[in-house]
Amino acid sequence: MYVKAFAPEYQGELGSELSVNSSYEDVRATADRALSRAGGAAERARAALALAEASRRLGRVDDAGDAWRQSYRSARAAGETGAMAWALWSGGTLARQCGALPLARRLLAHSVELAAAGGDRLAHGYALAGLAETGRIQGDYASVAALHEELLAQGRAHGEARHMVWAMTGIAQMHRNRGAHAKALELFEESVRIATEADDARGRAWSLRGVADVLSLRGEPDRALELLSEAEGVCRAMDLASALAYNHKMRGNVLYRAGRYAAARETYAVALEEFTAMREPRGTALARLGLVKCRARLGRDPEATLAELDVLEADFGRMGLRQARDAVVAFRAETAAVSAPAVSA
């Protein structure tokens, strides 16, 4: 059993004014007001944390960086170890979003330590979840698979639907990347059900994107596109800028797999513009890879494709994105094979 989804990053009076489904423009405005009238360091820490999270979700990375640091300084001044842990969790999550994965690991590891020292179970769980997600994004499944399972068990034990959805989609993604599509689909669909019953609109959008991805891999592009349209509606309603960009990137993937290369190219271009605007290098590089592949399918000169793939491989290597780098290597081999001159007998 689990309770309705809630957002523990909205603390103090913000917790009563905001819900897990509040739009991030509303969160930002509410946090700004709370920060302006904060009566002490602890209140400033809570308001700045919410401001950091809203700014991050809206793609305003400079504002998010300033806010989580303000939250940490205020929490330290108030002597609240748990609040310091929450601030570092926010900072680590922002670092991951910005492609600084080693920094994300350091900040999140420190958050885990502070949360444990302060006895803040929720901050501890969120920081561990952040570490697990960072490792998963890097393709380090061996080190994070058990942690995902542990976090899922904790979510079930405490009835925290939002955490269950996060852990379950992470496990599903690892199954998907290993080729176990049936298991991945089962988990993504279960995650959709839990998020729906717990009234977690954001979790539902994440989960629908996962279902759409697997359906596309199984040859059901039209149904996948329908689900992505549904998820896009949630992203727009909640001002989820980053999630919307990833939704568009996934739509490009679905169209590409279906052989609709011109439509995929247009969609990847939209995602690239969105990722660039919010300065998210991982999403930017993934959208660029999609564009390179579409242009190659539409007749671009192979040498130009190979040159751009070299740049992308370096970018993915620098960010530590193993799976994305492997995708570049595979497409380079395919492109080189097509462009190689035939050998006469």
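Predicted model: local features only at pLDDT ≥ 70, side-chain atom pairs only at ≥ 80, totals over all residues.
Helix H14 covers residues 261-277. At 1.5 Å a residue, its 17 residues should span 24 Å. The end C-alpha atoms are 24 Å apart, which agrees with that expectation. Six residues are listed as buried in H14: Ala264, Thr267, Tyr268, Ala271, Glu274 and Phe275. Viewed down the axis of H14, the buried residues fall within an arc of 120°, so they line one face of the helix. They pack against helix H13 (241-257) and helix H15 (281-297). The other side of H14 carries the exposed residues Glu266, Glu273 and Ala277. Just after the helix, arginine 279 adopts a positive phi of about 55°.

Helix H10 spans residues 181-197 and also has 17 residues. From its first C-alpha to its last it reaches 24 Å, close to the 24 Å expected at 1.5 Å a residue. Its buried residues are Ala184, Leu185, Leu187, Phe188, Ser191, Val192, Ile194 and Ala195. Helix H9 (161-177) and helix H11 (201-217) are included in what covers them. Aspartate 199 follows H10, and its phi is positive, near 60°.

Glutamate 186 is partly exposed, with a relative accessible area of 47%. Lysine 183, at 34% relative accessibility, is partly exposed too.

The largest nonpolar core contains 116 residues. Within this core, Tyr10, Tyr24, Leu151 and Phe316 touch the most other members. Leaving aside residues up to four places away in sequence, leucine 151 touches Gly125, Leu128, Ala129, Ala132, His163, Trp166 and Ala167. In soluble globular proteins, nonpolar side chains tend to be buried together.

Five aromatic pairs are found in the whole structure. One of them joins tryptophan 89 and tyrosine 126. The geometry is edge-to-face, with 5.6 Å centre to centre and 80° between the planes. Tryptophan 89 lies in helix H5 (residues 81-97) and tyrosine 126 in helix H7 (residues 121-137), so the pair ties together parts that are 37 residues apart in sequence. Both tryptophan 89 and tyrosine 126 are buried. Together with Trp86, they form one aromatic cluster.

The salt bridges number 28. Among them, arginine 257 pairs with aspartate 213, the closest N and O atoms being 2.8 Å apart. Arginine 257 belongs to helix H13 and aspartate 213 to helix H11, so this pair ties together parts that are 44 residues apart in sequence. Arginine 257 is partly exposed, at 32% relative accessibility. Aspartate 213 is buried, with a relative accessible area of 2%.

Another salt bridge joins the side chains of arginine 325 and glutamate 313, at 2.9 Å from N to O. This pair links distant parts of the chain, 12 residues apart: arginine 325 is in helix H17 (residues 322-339), and glutamate 313 is in helix H16 (residues 302-319). Arginine 325 is partly exposed, with a relative accessible area of 36%. Glutamate 313 has a relative accessible area of 17% and counts as buried. Salt bridges with shared partners join Asp310, Glu313, Arg325 and Arg332 into one network.

Definitions and conventions
Residues numbered from 1 in each chain as written. Heavy atoms only, no water. Helix = DSSP H or I, 4+ residues; strand = E, 2+ residues; numbered from the N terminus. Expected span 1.5 Å × (residues − 1). Buried < 20%, exposed > 50% of the residue type's maximum accessible area, 1.4 Å probe, protein only. Arc of directions from axis to C-beta. Contact = heavy atoms within 4.5 Å. Core = buried A, V, L, I, M, F, W, Y, C linked by side-chain atoms within 4.5 Å. Phe/Tyr/Trp six-rings, centres within 6.5 Å; stacked < 30°, edge-to-face > 60°. Salt bridge = Lys/Arg side-chain N within 4 Å of Asp/Glu carboxyl O.
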